[in-house]
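I opened my notebook for a first look at a new structure. Here is what I looked up, step by step.

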Amino acid sequence: MERFGGMAVILGVCVIVLLIGAFGRKIEWIINFVLRAVMGTIGIYFLNSFLFSRQIAVMVGINPMTVLTSGILGFPGIIVLYGINFFKVL
């Protein structure tokens with residue numbers, strides 16, 4: 001029984017080391033995506049609040065698709081979302 005536990009720990013450490021090596025180069029891309037997605041979601045929230053206070057009926061919902069769009073495209077993605085929504089309202 002102890003032998004199996006020791007082998008599982010060694011195998012787990014090897015998998016973690018391999019994953020760190022595989023994602024080590026791409027970690028900057030992942031951090032960049034997450035930061036843009038979070039900042040884009042915050043931006044959508046505050047822009048929705050601002051437009052609501054001005055009684056403008058163009059609001060973008062916060063859902064996985066809009067978070068992905070703002071995470072991939074950044075600020076231009078937010079503008080695209082509002083542009084699509086604006087033309088949908090017309």
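I began with the secondary structure and found four helices and zero strands in the protein chain; helices (H or I, at least four residues) and strands (E, at least two) are DSSP runs numbered from the N terminus. I noted that this is a predicted model, where local features need pLDDT of at least 70, side-chain atom pairs count only at pLDDT 80 or more, and totals for chains, interfaces and linings use all residues. Residues are numbered from 1 along each chain as its sequence is written, and side-chain values use heavy atoms, with hydrogens and water left out.

Next I checked burial. Of the 90 residues of the protein chain, 20% count as buried (under 20% relative accessible area; exposed is over 50%, partly exposed in between, with a 1.4 Å probe and protein chains only).

Then I turned to a helix pair. Helix 3 (residues 64-73) packs against helix 4 (residues 75-89) at about 140°, with axes 6 Å apart.

Last, I looked for aromatic pairs, with ring centres within 6.5 Å, and the whole structure holds two. The rings of tyrosine 45 and phenylalanine 46 have centres 5.3 Å apart and planes at 70°, so I logged the pair as edge-to-face (over 60 degrees; under 30 is stacked, the rest tilted). Tyrosine 45 is partly exposed at 49%, while phenylalanine 46 is exposed at 55%.

Definitions and conventions
Axes are lines fitted to C-alpha atoms, for helices over the stretch in contact, and angles run from 0 to 180 degrees between N-to-C directions. Rings of Phe, Tyr and Trp (its six-membered ring) pair if their centres lie within 6.5 Å; planes under 30 degrees apart count as stacked, over 60 as edge-to-face and the rest as tilted.
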